[in-house]
Amino acid sequence: MPDALERVASDPAADAVYQQLLKMLEGIGSFTIEPGKASFLIRNGRAFLGVHPRRGALRVNVVLDRPLTAERVVKVEQVSRGRFHNEVLLTRPGQVDAELGRWVAEARKLTAAT
C-alpha cells in the first residue's frame with residue numbers, strides 16, 4: 001500500500017495543489033515533512049499542518065490556538081485547551097492563496113517556541 005506522499009504524487013490534481021503548498025511553505029520558513037500511511041505532517045518542532053490526501057484534493061489541518069471562521073474552513077475541532085485543528089479542503093492550486101498563507105505562517109510561528 002502506498003504511503004500518503006506516494007498517493008499525492010500519483011494523483012495529478014492533488015499533486016498540483018501539493019506543489020503549490022510546498023512553494024508557499026518554502027517562502028514562510030524551514031519545515032520538515034513526516035510521512036505516514038494515510039497522511040503526513042508538516043513540522044517546525046511540532047506539527048503545524050496535517051495533510052490528508054483525497055482523490056483530486058488535499059484536506060489540510062491548520063493547527064492554531066484559535067478556531068477559524070472563514071467560509072472555506074470545512075471543519076474545526078478543538079483538540080486541547082488551546083489547540084484547534086482547522087480543516088481546509090484544497091481542490092485547486094489557486095486555493096493556496098494569501099489567506100491560507102497567513103494561517104500557515106501563524107501556525108508555524110506558534111511552533112517556534114516549542
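Analyst: Let us begin with contacts: two residues are in contact when heavy atoms lie within 4.5 Å. Please keep in mind that this is a predicted model.

User: Which residues does Gln95 touch, not counting residues up to four places away in sequence?

Analyst: With those neighbours set aside, Gln95 touches Arg72, Leu89, Leu90 and Leu100. Gln95 itself is placed in the loop between E6 and H3.

User: Is Gln95 buried or exposed?

Analyst: The class follows from relative accessible area, and buried means under 20%. Gln95 has a relative accessibility of 18%, so it counts as buried.

User: How enclosed is E4, and is Asn61 buried or exposed?

Analyst: The strand is largely enclosed by the rest of the structure, because seven of its eight residues are buried. Asn61 is buried as well, at a relative accessible area of 9%.

User: How should I read the pairing of E4 with strand E3?

Analyst: For two strands to count as paired, at least two bridges must be found between them. Strand E3, residues 46-54, is joined to E4 by six bridges, and the two run antiparallel. Within this pairing, Gly50 stands opposite Asn61. E3 and E4 form a hairpin with two residues between the strands, where Gly56 takes a positive phi near 75 degrees.

User: Which strand is joined to E4 by seven bridges?

Analyst: That strand is E6, residues 83-90, and it runs antiparallel to E4. Here Val62 stands opposite Asn86 of E6.

User: How does strand E2 pair with E3, and what is found in the turn between them?

Analyst: E2, residues 40-44, pairs with E3 in the antiparallel sense over five bridges. Asn44 stands opposite Arg46 in E3. The hairpin of E2 and E3 has one residue between the strands, and Gly45 in the turn has a positive phi of about 85 degrees.

User: Now to charged residues. What is the general idea behind a salt bridge, and how many does the structure hold?

Analyst: Side chains of opposite charge can pair when their charged atoms come close. The structure holds five salt bridges. In one of them, the side chains of Arg59 and Glu87 meet at 2.4 Å, N to O. This pair links distant parts of the chain, with Arg59 in strand E4 and Glu87 in strand E6, 28 residues apart.

User: How accessible are Arg59 and Glu87?

Analyst: Arg59 is partly exposed, at a relative accessible area of 22%, whereas Glu87 is buried, at 12%.

User: Which residue forms a salt bridge with Arg66?

Analyst: The partner is Glu106, and the closest N and O atoms are 2.9 Å apart. Again the pair links distant parts of the chain: Arg66 lies in the loop between E4 and strand E5 (73-80), Glu106 in helix H3 (residues 98-111), and 40 residues separate them. Both are partly exposed, with relative accessible areas of 33% for Arg66 and 24% for Glu106.

User: What does the salt bridge between Glu99 and Arg72 tie together?

Analyst: In this salt bridge the closest N and O atoms are 2.8 Å apart. Glu99 lies in helix H3 and Arg72 in the loop between E4 and E5, so the pair ties together parts that are 27 residues apart in sequence. Salt bridges with shared partners also join Arg72, Asp97 and Glu99 into one network. Glu99 is partly exposed at 26% relative accessibility, and Arg72 is partly exposed with a relative accessible area of 22%.

How values were computed:
Residues are numbered from 1 along each chain as its sequence is written. This is a predicted model: local features need pLDDT of at least 70, side-chain atom pairs count only at pLDDT 80 or more; totals for chains, interfaces and linings use all residues. Side-chain values use heavy atoms; hydrogens and water are left out. Buried means under 20% relative accessible area, exposed over 50%, partly exposed in between (1.4 Å probe, protein chains only). Helices (H or I, at least four residues) and strands (E, at least two) are DSSP runs, numbered from the N terminus. A salt bridge is a side-chain nitrogen of Lys or Arg within 4 Å of a carboxyl oxygen of Asp or Glu.
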